[in-house]
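Subject: Structure for your review

Dear colleague,

Please find the sequence and structure below. I would be grateful if you could read the notes that follow alongside the model.

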Amino acid sequence: MSGPIPSTLGNLRRLISLDLYSNHLTGAIPASLGNIASLRFLRIHRNKLAGGIPASLGRLTKIVRLELQENLLTGTVPLEVLSLVLVGDLTKLDVAQNNLTGTVRSSKQRVATVIQDTLK
């Protein structure tokens, strides 16, 4: 698949898993994905997605795995997303091999795995 992720996917309110990895997707991650309250797995790694990680993903309190690695993402991981460690079910956050800045660390209490590149 190629092209942008359709923002209308955010209307799929009962979706549990969104797996669009290893394609040729481009453009930004739609902020509307943060509307899928039931989402537990968001795997959109190994694409060519660019721009920042939407803060709206922080509304995904049921998410267990957030896999964004191997894209062209920039900026930092929003605090809203990082807070899912404390207020949500997040156990794996993978943002490695992007162009992100800052540092993400695991408290080892609730997150099983946090993967990122070394600080640039």
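Predicted model: local features only at pLDDT ≥ 70, side-chain atom pairs only at ≥ 80, totals over all residues.

Residues are numbered from 1 along each chain as its sequence is written, and side-chain values use heavy atoms, with hydrogens and water left out.

The sheet

An open sheet is formed by 5 strands in the order β1-β3-β5-β7-β9, with parallel pairing. Because β1 (2-3) and β9 (99-100) stand at the edges with a single partner strand each, one side of each is left without a neighbour in the sheet. Strands here are DSSP runs (E, at least two residues), numbered from the N terminus, and two of them pair if DSSP finds at least two bridges between them. Strand β7 (residues 72-75) is joined to β9 by 2 bridges, and these strands run parallel. Within this pair, Gly-75 stands opposite Leu-100 of β9.

Salt bridges

The model holds 4 salt bridges, counted where a side-chain nitrogen of Lys or Arg is within 4 Å of a carboxyl oxygen of Asp or Glu. One of them joins the side chains of Asp-19 and Arg-43, at 2.4 Å from N to O. This pair links distant parts of the chain, 24 residues apart: Asp-19 belongs to strand β2 (residues 17-19) and Arg-43 to strand β4 (residues 41-43). Asp-19 is partly exposed, its relative accessible area being 36%; the classes are buried (under 20%), exposed (over 50%) and partly exposed in between, with a 1.4 Å probe and protein chains only.

Glu-70 and Arg-46 form another salt bridge, at 3.7 Å from N to O. Here too the pair links distant parts of the chain, 24 residues apart, with Glu-70 in the loop between β6 (65-67) and β7 and Arg-46 in the loop between β4 and β5 (48-51). Glu-70 is partly exposed at 32% relative accessibility, and Arg-46 is partly exposed at 46%.

A further salt bridge connects Arg-65 with Glu-67 (2.9 Å, N to O). Arg-65 is partly exposed at 27%, whereas Glu-67 is buried at 5%.

Backbone angles

Most residues other than glycine have a negative phi. Arg-46, although not a glycine, has a positive phi of about 60°. Gln-97 likewise has a positive phi of about 60° and lies in the loop between β8 (92-94) and β9.

With kind regards

How values were computed
Helix = DSSP H or I, 4+ residues; strand = E, 2+ residues; numbered from the N terminus.
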